[in-house]
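I opened this structure to look up its charged pairs and one of its sheets. My notes follow in the order I made them.

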Amino acid sequence: MSAKFNALRERLGEAKVLTDPPALRAYAIDASIYKVRPQAIALIESKHDLDLTLEFARRQGVPITARSGGTNLTGNAIGEGIILEFTRLNQIIELNPNEAWARVQPGIVYAELNRSLARSGYMFAPDPSSGEMCKLGGMLGNNAAGPHTLKYGATKENVLEMEILLANGNWISAKDYRLDDPDLQTLFECNPAIKSIYDLIVQNKAFIQSKRKKVSKNSSGYNLFDLADGLDEGIFALHRLFIGSEGTLGLTCEAKIRLTPKPPETATALIYLKSLSEVGAVVNDLLQLKPSALEMMDGNTLDLVGRERFSIPLEAGVMLLVEFDEAIREKMEKTQSRMRKADLASPMAIAFDPDQQAALWTVRKAMYPTLYNYDEHKKPVNFADDVVVAAERIPELVAYLEELFLEKGVAVAIYGHIGDGNAHINPLLNVNDPADFNAMVALSREIHQTVIERFDGSLCGEHGDGRVRAEFVKALYGPELYDLFKQVKQIMDPENILNPGVKITETPFTENIDFERLSKQCATCGKCNSVCPVYDVVGEESNAARGWFHILTAPDYSYENSSRVVEACINCKSCRTVCPAGIDVSELILKAREEHPNAVAGTLFRLQDRLSLFEPLLKLAAWTQAIWDRPLPRLLIEKLTQPWLKGLAPTAKIPADMVLPRLAKRHLPDRHPDLVASKSRVAYFHGCAAKYFDDGVGDAVIQLLKEKGVEVALPPQRCSGTPIQTYGWSDLVRKNARFNIDSLEGYDQVVTGCASCTFMLKDYRSLFKGNGSEGSEKDWQGKAERLASKVVHISEFMFDENGKSMLKSEAQQQESSQKKKRVTYHSSCHLRAAGVSEQPRALLKRLPGLSFVEMPDADRCAGGAGTFCLKNPEQSAKVFERKRRGIEASGAEVVATSCPACMIQLNNGLKGKVEVKHIAELMLSKDQINRS
């Protein structure tokens with residue numbers, strides 16, 4: 001199979017064409033219930049790449065499928081031929097704030113697009129719930145929408161023009177053409193297929209218009225309706241044909257999007273109604289106030305999420321969320337007035353502050369994580385997930401659905417955009433159970449048929465038809481209009497190479513269901529990809545957390561076929577932090593590395609384990625650092641060590657220009673011998689960096705605790721194990737863990753100053769599952785559990801049991817007249833994974849002489865990842881570039897962090913342009929930051 005694509009490799013470049021088993025496995029899935037194995041993946045970086053790939057595909061007769069984020073729920077981002085990966089086409093090409101438009105490439109992440117636009121006071125208004133991971137290309141393909149579509153419209157209402165590559169190899173600009181525009185005639189002359197589409201619409205205009213569904217949004221079938229309506233206004237709205245066509249009619253490489261001014265303020269109200277029967281009247285009242293969003297969750301969903309957990313009233317039958325983004329106080333007053341006549345289960349909650357508004361959305365945001373962890377075997381399955389009816393009939397629809405699922409004995413979550421009649425339906429099923437599979441098939445047919453016949457609604461409002469609804473499109477519109485859809489497909493793609501098997505097909509939706517994957521915990525939603533630093537810079541699925549999970553858990557997995565995958569992860573734990581199912585992909589990676597521990601790293605770790613030899617060598621290096629840490633010696637060191645470091649990774653080296661940490665001539669215990677012998681009940685686990693580097697962190701933690709009346713002990717300790725585990729040496733990790741557990745057993749509290757040490761000490765319990773070779777497994781797990789309960793990062797320690805900070809509030813501080821310095825916070829990955837995120841920020845906000853500002857991407861990995869900056873310096877620097885931009889955008893003069901290892905990466909990447917401090921250093925009252 002690989003040889004078949006040699007010609008494409010020669011034209012695109014070897015690195016841009018993937019055909020190895022890991023890549024084919026990763027690209028066989030998207031966020032749907034399907035698996036279709038491709039033949040190859042082409043990484044598209046330019047229009048020229050797209051031209052070459054299409055030309056090859058036509059010549060070889062290989063189908064092609066466009067893909068950007070792979071977050072589609074219907075299976076339209078997978079295909080049996082060549083997957084066109086658009087992630088690397090991810091730039092804002094042009095921004096015109098005066099005319100409120102931008103030219104954007106399809107690989108840009110929706111959330112990142114809006115973060116960039118926000119700096120100019122604008123936004124791209126469609127807001128799918130998958131916005132943190134979905135990309136513009138998928139939004140165009142599906143005509144994506146979201147909560148704020150109620151006010152701002154779906155994707156099709158917010159796109160002005162698209163650059164499209166047709167199946168015949170021609171490029172066109174798809175936009176609104178006046179019927180008397182000479183450019184339209186030129187377009188027809190150069191592209192007979194477009195003229196045929198125009199003629200088809202003209203000849204069938206009245207019939208097409210008569211078939212338009214009377215719903216507020218609709219992504220089912222081809223959008224011939226807007227083209228027909230446009231003719232009445234003297235316009236040929238060509239781009240609307242391609243929006244929502246799911247890559248079956250053309251390939252988009254650029255879109256000119258309409259920008260909307262970002263509202264300066266918003267307000268949110270949370271309403272619990274006792275009865276579903278009241279929803280219609282209440283929603284009608286609220287819609288008259290023109291809300292920007294109006295969301296709903298039914299009583300079943302509230303039960304599944306957990307009423308007690310979220311203080312949801314027991315008698316609540318429906319939850320509504322309403323948001324306003326103009327005249328917010330006036331509209332909230334009117335909302336309050338109108339709700340007085342409603343039968344509320346609890347008083348309406350109102351929020352104007354952004355944080356308080358976010359709190360009101362907590363229940364809605366918690367739904368997916370809760371559903372994916374609700375049952376070990378039954379998971380939410382998307383097969384009738386996006387129906388849309390007239391808004392006033394939503395209560396009737398929800399009542400019908402609740403009765404149907406109760407009759408079938410299937411737990412279900414029903415929620416959605418009630419303001420525009422769009423309901424999302426998530427039944428909990430185990431499709432590997434024949435009874436549940438049969439229930440799914442019956443429910444799909446029953447629901448879709450009822451939506452069509454009883455409610456005169458549509459199959460989908462924003463997710464697309466894909467594979468999961470395609471067989472019902474004919475029933476939705478009737479055979480005559482469906483025949484027009486088929487004619488459109490034949491005209492635009494006569495060779496049927498553009499995403500075949502999607503949208504216009506009568507193939508049963510049960511074909512290609514991925515039963516193996518649906519037995520796993522992973523939701524395939526792609527949230528992990530949205531925070532994966534490797535995916536961020538490499539831009540392809542087999543170098544991404546979601547892809548890694550499915551490669552590593554495949555029945556045919558082998559290290560030999562997948563070593564590049566196993567060695568790619570940097571163990572940042574970000575995937576674990578965001579995964580709705582709680583999956584830690586890096587843990588799977590680390591287990592795979594245990595089968596092939598790195599020999600070079602093993603040599604270094606064995607040396608480190610011999611403290612009597614290792615520590616004198618480090619001190620010698622410290623005393624001579626002024627000699628060897630200079631340009632010429634460093635260049636020599638890089639050249640001499642590189643051949644040996646190749647055993648660590650082909651990319652490994654010690655770059656001559658890397659800013660190395662200053663080594664300590666006296667190690668931390670040597671500087672504080674009294675604490676080594678201390679009888680204190682509070683231990684300081686300093687870790688390797690604070691012990692061996694002269695970075696000030698260890699001394700700052702000790703001094704800070706002393707200022708707060710706590711004298712700590714420095715017990716004997718070994719490396720917590722994070723770097724050792726990274727290279728597969730699990731036996732040594734457990735050896736060190738046992739040593740540390742025993743050494744810390746007698747203390748009431750263990751304070752840390754390193755993010756990775758904090759995480760590892762809390763996570764020791766995971767090391768002893770099935771590993772009871774020294775002492776019983778139960779004993780070591782019990783000891784590890786006790787240790788985990790005692791470990792606190794220094795930023796946690798600075799808060800008492802009631803969450804009150806030991807620091808005085810800024811108002812209580814004696815402020816100097818000197819100008820404050822702006823400080824921002826880099827959130828260390830492992831500290832977030834340990835559950836510590838807000839405490840460091842809260843402390844920084846209280847420090848005198850500093851003004852805290854949140855940087856963009858504060859929670860993204862900086863790319864150091866322990867020794868990753870040596871294992872792959874080039875990729876590490878690319879990961880850091882996002883962090884550098886965030887720091888620069890914040891305008892901060894000081895970057896605070898909670899981890900000595902991150903300090904190394906920050907210092908190396910910033911090269912002294914911004915001061916880098918550990919949070920403990922900043923909290924010291926005697927710490928004098930230069931405020932000149």
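**Entry 1**

I looked up Glu888 and found a salt bridge with Arg884, the closest N and O atoms being 3.2 Å apart. A salt bridge here is a side-chain nitrogen of Lys or Arg within 4 Å of a carboxyl oxygen of Asp or Glu. I noted that this is a predicted model, where local features need pLDDT of at least 70, side-chain atom pairs count only at pLDDT 80 or more, and totals for chains, interfaces and linings use all residues. Residues are numbered from 1 along each chain as its sequence is written, and side-chain values use heavy atoms, with hydrogens and water left out.

Why are Glu888 and Arg884 separated by about one helical turn? They are four residues apart in helix 44 (residues 873–890). Helices (H or I, at least four residues) and strands (E, at least two) are DSSP runs, numbered from the N terminus.

I checked exposure next. Buried means under 20% relative accessible area, exposed over 50%, and partly exposed in between (1.4 Å probe, protein chains only). Glu888 is exposed at 58%, and Arg884 is partly exposed at 25%.

**Entry 1: other charged pairs**

I looked up Arg841 and saw its side chain meet that of Asp859 in a salt bridge (2.9 Å, N to O). This pair links distant parts of the chain, 18 residues apart. Arg841 sits in helix 42 (residues 838–844), and Asp859 in the loop between strand 25 (850–852) and helix 43 (868–871). Arg841 is buried at 5%, while Asp859 is partly exposed at 34%.

I also found Asp584 and Arg576 in a salt bridge (3.5 Å, N to O). Asp584 is buried at 8%; Arg576 is partly exposed at 27%.

How many salt bridges does the structure hold? I noted 78. One network of them links Arg25, Lys35, Asp514, Glu516, Arg517, Lys520 and Asp556.

I traced an open sheet of four strands in the order 25-24-26-27, with parallel pairing. Its edge strands, strand 25 and strand 27 (915–918), each pair on one side only. Two strands pair if DSSP finds at least two bridges between them. Strand 26 (residues 894–897) and strand 27 have four bridges. Val894 stands opposite Glu915 in strand 27.

Helix 45 (residues 900–910) lies across strand 24 (821–826), strand 26 and strand 27, where contact means heavy atoms within 4.5 Å. This helix runs at about 180 degrees to strand 27. Axes are lines fitted to C-alpha atoms, for helices over the stretch in contact, and angles run from 0 to 180 degrees between N-to-C directions.
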